[in-house]
Each structure stands twice: as C-alpha cells, then as structure tokens.
Amino acid sequence: MSATALDQIAIRSPAREFWRRFRGKRVAVISLALILLLMLTAALAPWIAPYGPATPDYDAVLEGPSWRHLAGTDTFGRDILSRMIWGGRISLTVGFLSVVLGCAVGVTLGVISGFFGGWLDGLLMRVMDVMLAFPGILPAIAVVALLGPGIVNVIYAIAISAVPVFARLVRGTTLALKQTLYVQASRSIGVSRNQLMLRHILPGTMPAVIVYASLRMGTSILTAAALSFVGLGAQPPSPEWGAMLSDGRSYLGVADHLTICPGMAILITVLAFNLLGDGLRDALDQKLRT
Amino acid sequence: MFGYLIRRLVGTIPVLLAVSVFVFAFVHLLPGDPARMVAGPDASFEQVQEVRTELWLDRPIWQQYLRYLDQMAHFELGRSIKTHEPVAFLIGQRFMPTLWLTVVSMAWALTAGVALGVLSGVRRGGWEDQATMVFAVSGISFPSFWLGLMLIDLFSVRLGWLPTGGYGGWQHFVMPAFTLGSAVAAVMARFTRSAYVEVAAEDYVRTARSKGVPERRVIWTHTLRNALIPVITLTGLQFGFLLGGAIVVETVFAWPGLGRLLIDSVNLRDYPVIQAEILLFAFEFVLINLIVDVLYGLVDPEIRLK
C-alpha cells in the first residue's frame, strides 16, 4: 500500500465517513430528496399552487380530478391540490418547530441529568418517567385541553410530549461519554464543567439525537394531523392535512378524492421521515442498529 | 417469586402518586377560577363562594390534594360540568368498549406481528423478509384515522359488508381493531425479527444445529422461545400505544369508548371528565406494565433476582 493511500484513510473525517455510508443507502437518499422536494414545494406555495388555498370556484363543486383541478375540488370548489401544497407548509412547520423545541429542552435536561448525576439526575428522571406514564397522544391532548385548541398550542403540546424521549436518550449517551478517555483527560487538565458539557459531551450525543429527531418528525406530523382530525388542532378553513381529511369524511363514497389526497400527503411525508431516520441510524452508528 | 411480586407492587406506588400529582395540578393550571367554572357563568357571588367552600378550594393546596386522593380511592370523581352526571358513571359506561377494542387489537397485532417477524427472521434476505420489512415501516407511517376512513369507504360504503361504526357484534370490531392494531403489528414484526436474528446467532443454536437437531426444533425450541422474552416487554409498552391510539380510532368509527368521551370533553371543556380520564389512562398504562413485568419474572428467572 502506497503512502498516499494510507494518508487518505487517515484523513477520512467522521462527517465524510458518514456521508460515504449514507450515500450507499438508496432508500434513505430517495427519502431525503423527497423531503427536500416537499420543503421546496411548501416554501414556494404562493408561486406554484395553481389556485389560492381558500379560493372558491362555485362552478366546480365536489369535482373529481380533472385537467383544470388535478386533485379535484371540495364542497366550496376549492382546489384540493393547492390546499395540499399550502397544507404542507403547516405540517412541516408544526413538525419541525415541535421537534426542535422538544429536542432542545430534552437534550439540555438529558446532558445536565447525566453529567451531574446524584439527586438532580434522580429527580429529573423520575419526572420524565411520570411524563412517559401518559401513553401515546394523551399528553398532547392534555396540553391542548389546558391551552385550548389551535395549531400553535399543538406545537407546544407535541414538543412537551417529545421532551422525555430526548432527555432519556441523551442522558444515557452522556453517562457513557463521561467514562470515555477523552472526557476524563479533559477533566484532568482542568477543563471547566460548562466546557466539558458543551464542547466534549454534547457533540457526542448528536448522532443519536439526529436519528431520533428524524423519526420524531414523522411521529409529530402524524400527531398534529390526528389532533386536527379530531378537531383540536388547525381549525376548518385551514388547509391542514388532518383538518382536510376531517372535512372529507362526510363525502366518503361521493367524493373520495377529498379523503384520499390529504391522506396520501400525510403518509408519504411521514414515511419519508421514518425511512430517512432508519437510513441515518444505519449510517451514523452501527451500535444504534436494532 | 413472591418477593419479586411485592417489590414490583411497592415500586409502582410512587409512580401512581406522582401521576396523581400531575393530574391534580392540571386543574390548578387552568386559567380562571375553578369555583366559578363549576358554579357556571350565571351563578351569583354567594353561590360561587358556596361551591368554593364545598370543594375545599379555600383550603391550603396540600389539604386539597389529600382530599383529592381520598376521593379517588372511593371513586368519587365529581360531576360533569355539562351534563351534571357523575363522572364515575360516564366513565364506567365507556370503559368496557375501549377495553375490548384494545384487547382484540392487541390479540391480532401480537399474533400477526410475531408470526411475520419470525417468518422474516427465518427467511432472512428472502422476499418474505423484504415484504415484512416494507410492511413494518409503512405500518408505523400510516395515519390510523386515514386507514380507518379508507376501510369504511371500501367495506361499508362500496361493498356494504361491514357497519361504518358503532359498538355491537363481531362485525363492529373488524375494522376498528384492524385499524388500531396495524401499527402495533408492524412494530412487533420488526422487533421480533431483530430479536430472532440475534438469538439465531448464539452459540447454542449453532451447537444444536451441528449436533443434528432437526431444523424445525432449532427454530421453535432453541431460537423462538428465547427470542420471545423481550417481546413481552414490548407488548406492555405497545398497550400504551393502543390506549392512546384508541382516542383517535374511536372518533373515526363512532365507538362509544373512553377515547371519544375524552375528545368530546376537551371540546366542551368539561374539566372534571378530562381530569378523571387522563388519570385513568395513565393508571391503566402503569398497571399493564406492572402485569407485564410480573409475567416477565415468570418467564425469565434471572429478572427476579435483580
């Protein structure tokens, strides 16, 4: 083996190594491309949606898919495709903000809990356990019951239910990282506690956090749509996908496209985030594999 | 075994107490005066004061909490603000439909999930494996309420084979249970597969195979029995998922259960009902996990010693 080949192996950074492995996962790469496409479509909604999300067309009420309305129209003659494109903005924003918020709080608590240990760790983890005792969508519903229905409150609700998941995950990783040689070494040369947590431990928790964040995006979008579907999230004129489904259910058998189209949108988006999460898990850390 | 049982029971008490503190705090976090809420918007100042004294709202918060615990212990859950019926009665009516729905859903999801997982593990890399893994990832991505609506569209509206909703005979269970259980079946399949694959790589499995134990016995006795132990724990956790999922699925199928009662109560801001329901859901989940832990102890003697 020549000297240059050895050098190339030596300089392969974790980021490049990750990219090399991620590129090999065809499904994950396609999912990422799909997510980027969905984000672009949502961002450009005002320019690419053929009609406004609330523009009625009373000459074309409850019409099936046609060249004029590619995904048909609803009871007010509103264009379903345009509403889906606008609805993507809501779903992606709600998913993203709730995950970022829940993740930020959860990661902070997790690092603090794992790093300091002792009674603080005991207390924080018991609180997280109690939060996890409320199953599934229940904590989100409790928060909405408290704050009132609406899409902004849904963001808080979903963020809060994500906190214990991230806190537990990051605490575990922090405990493991605390024992590693490089953290012990930094500690022995007198690196401050804040520096240890921020520069040496926090980055080490990121691979697992990124995987969970992607999987959590799928869950959050699904939960937000479910809350809107049962009437606790986005309210009727809003083109949120769950709310659109709820509108469409009265026309099952009459105008199926009202239910099929927004449902497909939710399914494809959630599936893409879940597949991306799986791919990231495989590429980031072999140990995270289940 | 008995000591283990006692330890697990005692360990559950602090969790239940903590849950009750959360749920008790819930009503106190609400904006506005709880006494005014119960008395109604038309009540006079004196009537509001009367309610305040009656509900101990003028006492220190710890006394209120102890009273709350005492009432819970006697199933005194207050009255609905809207219908004035006792909350215990409202919940009692709705309890069995939800319990049956979750049990039936879990039964098919567990059977199908484990079967698919094992099939996929045995035929690793084959088309059965690939198909199962596609099902596993799409199963958790499917919006349950959408799946429910699509089933109604096909089997009720178009074919007329099954009722669109409501509670009754087995026909009423088919679509709601399928809808609610599909995500759990998907999770089970994936988990069972990885547990199976892990155990199949153990030395004792290789030894069994090399000494000429028939393949059927290697799969059933040596591998499957050990692979199923972690599946028990997952079952407990997935019950929680079903309880949460029932809230949405009951809305789709007009199922007269706890989930729909909860959604209706949130929409009506009927706080005594909401509070009692949240407590009930959490308690049920904690108790199911307790039962699962005990089962785990029965199956795996090592756990009992920890």
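This is a predicted model: local features need pLDDT of at least 70, side-chain atom pairs count only at pLDDT 80 or more; totals for chains, interfaces and linings use all residues.

Helix α8 (residues 151–178) of chain A packs on helix α10 (residues 193–229) of chain A at an angle of about 155°, axes 9 Å apart. Angles over 145 count as roughly antiparallel, so α8(A) and α10(A) get that label. I also looked up the handedness: the crossing of α8(A) and α10(A) is right-handed.

From α8(A) I noted, among others, V154(A), I158(A), F166(A) and L177(A). On the α10(A) side the list includes I201(A), G204(A), Y212(A), R216(A) and L227(A). The contact of α8(A) with α10(A) splits into 14 nonpolar residues, six polar and one charged.

Then I turned to the contact between the chains. Chain A puts in 37 residues and chain B 39. On the chain A side, α6 (118–132), α7 (138–147), α10 and α12 (257–284) each give at least two residues.

Last entry, the largest nonpolar core. It holds 140 residues, and those touching the most other members are I141(A), V144(A), F166(A), A226(A), V184(B), V248(B) and I278(B). Helix α8 (residues 170–200) of chain B gives the most to this core, 16 residues.

What does V248(B) touch, not counting residues up to four places away in sequence? I found I137(A), A226(A), F229(A) and V230(A) from chain A, plus S144(B) and F145(B) from chain B.

Definitions and conventions. Residues are numbered from 1 along each chain as its sequence is written. Chains are lettered from A and ligands numbered from 1 in the order in which they are written. Axes are lines fitted to C-alpha atoms, for helices over the stretch in contact, and angles run from 0 to 180 degrees between N-to-C directions. Helices (H or I, at least four residues) and strands (E, at least two) are DSSP runs, numbered from the N terminus. Angles under 35 degrees count as roughly parallel, over 145 as roughly antiparallel, 65 to 115 as roughly perpendicular and the rest as oblique. A crossing is left-handed if the near helix is turned anticlockwise from the far one by less than a right angle, and right-handed if clockwise. Two residues are in contact if their C-beta atoms, placed from the backbone, lie within 7 Å. Ala, Val, Leu, Ile, Met, Phe, Trp, Tyr, Cys and Pro count as nonpolar, Asp, Glu, Lys and Arg as charged, and the others, Gly among them, as polar. A nonpolar core is a set of buried Ala, Val, Leu, Ile, Met, Phe, Trp, Tyr and Cys residues joined through C-beta atoms within 7 Å. A residue is buried if 20 or more other C-beta atoms lie within 10 Å of its own, exposed if 12 or fewer, and partly exposed in between; C-beta atoms are placed from the backbone.
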